[in-house]
Amino acid sequence: MSDRDTFLPKFAALALIGAGLVFWARSVLDPYALSIVMFVGINVILAVSLNISNGFTGLFSLGHPAFMTIGGYMTAILVMPAARKGLMLPDLPAFLAGQEWSFLPALLAGGSLSALVAVIVGFPVLRLRGHYLAVATLGLIFIVQSLAVNLDGVTRGALGLSGLPSLTTTWWVYGFVLLTLFVCWRLKHSSLGRTMLAIRENELAAACLGVRVARTRVFAFALGAFFAGIAGGLWVHVVTLISPDSFSFGLAFQLVVMVVVGGTGSITGASIVAAVLTLATEFLKPVEESLNLYGASQIAIAVGVILILIYRPAGLFGTAEPQPLNLIKRLGSRHTSPANSPE
Amino acid sequence: MPSDNGALLSVRQLNKSFGGIKALSGVDFEIPQGVLAGLIGPNGSGKTTAFNLVTGVLKPTSGQIVFRAVDVTGNAPERNAELGMARTFQNIRLFRDLPVIDNVMVGLHMRNGPGFWSTVLGLPRASIAERNIRKEALEALEVLGLADKAHQIVANLPYGDQRKVEFARALATKPQLLLLDEPTAGMNPQETADLGKTISKLHKDLSLTVLLVEHDMKMVMGICEELTVINQGKMLASGTPQEIQNNSAVIDAYLGRRREKHDA
Ligand SMILES: Nc1ncnc2c1ncn2[C@@H]1O[C@H](COP(=O)(O)OP(=O)(O)OP(=O)(O)O)[C@@H](O)[C@H]1O
Ligand SMILES: [Mg+2]
């Protein structure tokens, strides 16, 4: 309805503002600061995409790092120059050894492989509920890690792949942030998204209304995995390195925190919290070093999370999306009213 | 084997045990197309269990369920919904955090919902579908007199209205068979009477086949055309409301029950 009619221009306007900010950041920030900007963007992709399964559909998945690992390796192997592959991965199967893809198709291939794996493991695993699903997806992280260690013909085992080209730029990250936000926003405000929320709210009632519960759950899981795979590919081409333990349980925990604190189901909430937590971790690092209080920042963040969950159990935003334009209007009227009143 | 006698739903020799408890044993009934039928019996007699078996929420221990000449025994609820069954729940099962209209719109996805790609690409087909879904949902809410509450969060509605939202949600799927499990529980006498009229009107206007479970005997006797009575999981009687009212086994089951309660 009216929401749908104004979505495209609104999204385009915000995307342009964002592009301006990226342009500005690139001209004033040093490479280290820019890498932090990239991690902010990658974490936004991760948190918002995890929200599809954990927020919209109510699946408690911890599996994102597994899909990042899959996407990370896939992308790295596909873009690696053939000559370098010959040296680093002499045992690579022939059909991979000759490939030398450019970055974008390699990222999409990484995402697609992750989504495929999500579909395959999804049908058995997503039958599980709540804590059982959390444990099973945790198991998935460890299975993927041990495969990465043991398939050393493809992955170089525990050594990992180092010296990857630093292909990821703020523009690539920004592009995929936009894609993730666009897809998730459209999805959430659609009939399909409504069936996901319905499954989260009452699975049995949804099934009795003809919602294909199993299929929708697998779809939500796989769509999240697609973006996680891409985020993995972006990440490893920032740090120029991937090893089996690049993406592990700690990261899964951080991502779940972002979704839960932002509000399960809120795209805005997940984005904001992902950005704030990434920046906070980064800025608190020098503080704790100077005070000799290592780990203090993590404790501070954990305490903050606990407080938020005590006082706002549904997260900062619940399932809602605050309307930035309304907010600006409200702020605007607050600014103008004192001017109108007699002094 | 498909039924050939024209019944929309036939239930044959249905059995269901929960561990040691025999919730249903050898239940048989048929609902002809276009009839407003009632399923009655004292508390714990197995009415909700029968609904759960028919709609596929539970699998029967044995027996057969035939719907629209198709054997649907053991089908998943999704499949039965597609075939045209819709139900309400005795213990309300709404999508609590969603607005009233969204609750109803979920029921329209099955037949009208656009796929992933047309959704994400914002194809005209998707916006047309979304508009139709919203329109039909609003129409279903109007039938139940809830159109003005369409945008409230459903959990904030009074209990009686929540039951009506479930009713509207089931109705919006355009069912062949509507199964209502105590739709007036928690309503005051006025609301109960109104809802009885709504059910009977829907049945007449749309020639909708309805299976009603209801404890309010005045309403059941007033609107139902055929009744099936079960007691402690077994068939007790079936027939028109007059026949049932004069059936001594039925009177005993209900009065006997009441006497026990008074003794206790
Ligand atoms: N999921 C279940 N597990 C175990 N026992 C059950 C289950 N569902 C129902 N029962 C038992 O089966 C019997 C029939 O219950 P059911 O809910 O079908 O009765 P009912 O006729 O709907 O009763 P009421 O009028 O109180 O709603 C009861 O003894 C009940 O305890
Ligand atoms: Mg019951």
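Author: Happy to! A residue is near a molecule if one of its heavy atoms lies within 4 Å of it. By that rule, the residues around ligand 1 include B:F18, B:A23, B:Q90, B:E182 and B:H215, along with B:N43, B:G44, B:S45, B:G46, B:K47, B:T48 and B:T49. This is a predicted model, in which local features need pLDDT of at least 70 and side-chain atom pairs count only at pLDDT 80 or more, while totals for chains, interfaces and linings use all residues. Residues are numbered from 1 along each chain as its sequence is written, chains are lettered from A and ligands numbered from 1 in the order in which they are written, and side-chain values use heavy atoms, with hydrogens and water left out.

The shell divides into two nonpolar, eight polar and two charged residues, where Ala, Val, Leu, Ile, Met, Phe, Trp, Tyr, Cys and Pro count as nonpolar, Asp, Glu, Lys and Arg as charged, and the others, Gly among them, as polar. Helix α1 (residues 47–55) of chain B gives the most to this shell, with three residues; helices here are DSSP runs (H or I) of at least four residues.

Now for the polar contacts, meaning pairs of N or O atoms within 3.5 Å. A polar side-chain atom of B:T48 sits 2.7 Å from an oxygen atom of ligand 1. For B:G46, a polar backbone atom is 2.9 Å from a ligand 1 oxygen, and for B:N43 a side-chain N or O atom is 3.0 Å from one. Taken alone, ligand 1 exposes 630 Å², and the protein buries 63% of that (Shrake-Rupley method, 1.4 Å probe).

Technical notes. Polar contact = N/O pair within 3.5 Å; in protein donor to acceptor, adjacent residues only side chain to side chain. Helix = DSSP H or I, 4+ residues; strand = E, 2+ residues; numbered from the N terminus.
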